[in-house]
Amino acid sequence: MLSLSSNIQYIKGVGEKKAGLFNSLGVFDVDSLLHFYPRKYEDWTNTKTVKETVDGEIVSIKATMITMVKESLVRKGLTLYKCRFSDGESVINVTIFNNKYLANSLRVYNDYILFGRIEKNLATASMSSPQIEGLDACESIHPVYPAKEKLNSRAISKVVKTALDGIDEIPEILSDEIRRKYNLISLDKAIRDIHFPQRQEDIAQARNRLIFDELLTLQLGLLKLKGNKKKETAVKIEVDYSEEFQNLLPFEMTSAQKRAMADCITDMKGRYPMGRLIQGDVGSGKTAVAAGVIYTAVKNGYQTALMAPTEILATQHFESLKKMLSPDGIRVELLTGSVPAKRKREIKADLIDGEIDLLIGTHAIIQNDVEFKNLGLVITDEQHRFGVRQRAALAEKGTSVHTIVMSATPIPRTLGLILYGDLDISIIDELPPGRQEIRTDVVDSRYNERLYKFIRDAVDRGEQCYIVCPAVEENEMDVKSAEQLAEELSETTFKGYNLGLLHGKMKPKQKENVMKSFADGDVQILVATTVVEVGVDVPNATIMVIENAERFGLSQLHQLRGRIGRGSKKSFCVLVSDNKSESSRERLMTMKKYSDGFKIADEDLKVRGPGDFFGQRQHGLPDLKIADMVSDVETLRLTQNCAKDILKDDFNLDKPQNKPLADRITKMFREVYS
């Protein structure tokens with residue numbers, strides 16, 4: 001008998017060579033084989049006669065073979081086999097391509113099921129390379145698997161069938177109580193029915209159960225990683241200083257900013273540690289909200305920390321927060337990789353003595369030798385750019401500290417349920433006064449001359465421009481690279497202008513220098529890759545040109561667009577694409593249509609799915625094999641409640657009924673955190 005942990009090569013009919021093909025599909029043992037689900041199904045049970053079909057329809061026809069197979073070699077590598085079948089009323093001309101085995105197995109006057117696309121005209125009916133099987137094939141619905149050239153769907157189906165026949169019963173992972181509560185069939189039935197259903201209802205019930213399992217495992221894993229076990233906090237905020245803070249500002253905060261700040265301070269006055277996501281488009285004023293919350297925490301006697309994903313963003317936060325907070329005596333320091341060693345030692349010593357109120361930095365602030373005297377509040381900016389463990393390491397610098405996550409990346413609400421399931425959310429949905437909406441246009445390269453003149457005119461007026469490319473070097477994709485374009489433009493169209501080049505393969509110091517030159521106004525036109533997606537404020541940059549825009553995700557395009565429009569001047573984003581596909585054009589027109597990042601993010605999720613939303617390793621979200629974030633949002637909510645109930649009762653999943661779930665979590669998250 002087989003077990004779920006049995007190596008795939010020991011299933012009858014597999015062997016070492018075929019096992020290698022399965023391995024390339026991510027299938028290594030019986031368990032991963034059984035969770036390698038069909039991508040669709042062919043229903044052979046509903047047979048039709050030729051007269052009942054329409055031209056171009058994919059159908060199942062019961063027919064008798066009425067002529068011998070005729071073989072003809074069309075050219076080297078292409079042999080056709082032709083024969084005729086009859087359904088009792090009509091004749092079907094069948095052509096088989098390069099399948100000698102099938103052609104030789106067919107027998108005149110035997111009955112078969114033909115499954116495939118039928119082509120009809122007034123006089124004849126024909127099928128090219130239909131699937132041909134014996135009559136018993138019409139008794140079932142056939143699974144179709146994601147296949148490879150040397151491992152077709154039928155071969156996969158055969159191995160799955162052998163594996164299922166070799167297993168007595170697939171062990172259950174959910175308690176009877178959960179199955180009853182959520183009306184779920186057994187795991188054994190679900191796995192058998194997802195692969196070999198007898199009826200359409202079997203598929204629906206099996207999917208329902210397996211989607212529930214997958215989303216529940218995901219929710220449990222993420223909630224455990226976040227350590228969502230509520231402990232009371234010793235960090236008590238007694239007095240709200242937000243009004244005092246607002247009086248220090250040279251501007252009036254928007255009502256959305258005030259709401260977000262009030263949300264945070266109300267949370268921090270409670271018994272439990274705050275966990276709050278502050279979400280808002282680029283330029284909506286999240287930093288000012290963070291400053292207000294930091295001000296209140298410091299005035300109540302606590303140290304605070306802010307971690308940003310890049311040195312340049314950390315420096316930007318340092319400069320703006322120091323400007324807001326230091327006039328009132330709050331000491332702000334910056335700790336990044338490029339701070340000299342002697343200065344680092346001084347900062348660390350002052351930090352542990354409690355002389356620093358706010359420490360801002362990159363991942364340098366989560367090193368082991370960075371210690372706080374009395375940390376009460378941690379803030380992470382653009383959190384999805386850090387690994388899950390990096391984020392947790394910052395909070396562990398204190399005891400049950402309050403946490404704020406800031407993000408300018410609009411996350412679809414369904415994905416937010418997963419990534420930030422344990423956080424309360426404050427959305428800053430209005431821009432500060434004076435910020436103008438960015439005009440977005442979609443053009444092809446025929447407009448380049450007009451576009452480049454538009455850029456020259458703007459630069460001559462003293463403004464600056466970004467030109468973004470999807471590739472760093474030539475031949476990386478079949479598109480013009482940033483290096484190639486920068487070289488070309490500096491010698492032709494923008495000769496005499498100061499052009500800068502920025503991409504991810506440059507050393508950190510080089511990147512910092514280029515970005516600083518652009519921020520200081522020395523570089524007039526910056527040719528870059530998406531490394532500018534999260535970057536420094538350059539209020540003077542008014543034009544963003546994105547080459548081969550179809551190569552980017554919508555949310556990424558929205559982030560790039562957010563680099564401009566940061567001053568009071570009218571700003572323009574131009575998406576350049578020569579891609580003729582209708583779907584590609586529709587996606588880009590979404591950018592022209594919407595300026596709301598959340599609407600764009602929802603559209604992006606529908607197109608790309610969650611696995612690709614941020615990049616797998618950054619956001620810690622495993623691949624989903626059967627669940628879908630857009631259509632399964634209701635199940636997502638149910639499993640979130642179910643996960644919280646399970647963890648409330650047994651956080652470590654030590655109880656016997658929860659052990660199988662603990663094993664599934666380990667398996668699901670192994671790839672992401674390995």
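1. In strand β16, His402 is the bridge partner of Leu377. β16 (residues 402–407) and β15 are parallel and share 5 bridges. Two strands are taken to pair if DSSP finds at least two bridges between them. Helices (H or I, at least four residues) and strands (E, at least two) are DSSP runs, numbered from the N terminus. The model is predicted: local features need pLDDT of at least 70, side-chain atom pairs count only at pLDDT 80 or more, and totals for chains, interfaces and linings use all residues. Residues are numbered from 1 along each chain as its sequence is written, and side-chain values use heavy atoms, with hydrogens and water left out.

2. Buried means under 20% relative accessible area, exposed over 50%, and partly exposed in between (1.4 Å probe, protein chains only). β15 also runs parallel to β12, to which 5 bridges join it. Leu375 of β15 stands opposite Gln303.

3. An α-helix has 3.6 residues a turn, so residues three or four places apart point the same way.

4. Asn300 is in the loop between α10 (286–299) and β12. It is buried, at a relative accessible area of 18%. Leaving aside neighbours within four places in sequence, Asn300 is in contact (heavy atoms within 4.5 Å) with Ile237, Glu238, Val239 and Tyr241. The C-alpha atoms of Asn300 and Tyr241 are separated by 8.8 Å, the two residues being 59 residues apart along the chain.

5. Ser6 sits in the segment before α1 (15–24). Its relative accessibility is 17%, and it counts as buried. A polar atom of the Ser6 side chain lies 2.9 Å from the backbone nitrogen of Ser3. Not counting residues up to four places away in sequence, Ser6 touches Asp29 and Val30.

6. An open sheet is formed by 6 strands in the order β18-β23-β22-β19-β21-β20, with parallel pairing. Its edge strands are β18 (439–443) and β20 (499–502), each of which pairs on one side only. From one strand to the next the twist averages 15°. β18 pairs with β23 (residues 572–576) in the parallel sense over 5 bridges, and Cys573 in β23 is the bridge partner of Thr440.

7. Helix α15 (residues 448–460) packs on this sheet and touches β19 (464–468), β21 (525–528), β22 (541–546) and β23. The direction of α15 makes about 160° with that of β22. Axes here are lines fitted to C-alpha atoms, for helices over the stretch in contact, and angles run from 0 to 180 degrees between N-to-C directions.

8. Ser129 has a positive phi, near 45°. Ser129 lies in the loop between β8 (125–128) and β9 (131–133) and is partly exposed, with a relative accessible area of 37%. Asn548 has a positive phi near 45°, and its place is the loop between β22 and α18 (554–561).

9. For the protein chain overall, the secondary structure comes to 23 helices and 23 strands. The C-alpha trace spans about 95 × 70 × 45 Å along its principal axes. Of the 674 residues, 51% count as buried. Among contacts with a separation of 6 or more, 73% come from residues 24 or more positions apart.

Note on methods:
A polar contact is a pair of N or O atoms within 3.5 Å; within protein, one must be able to donate a hydrogen and the other to accept it, and residues adjacent in sequence count only if both atoms are side-chain atoms.
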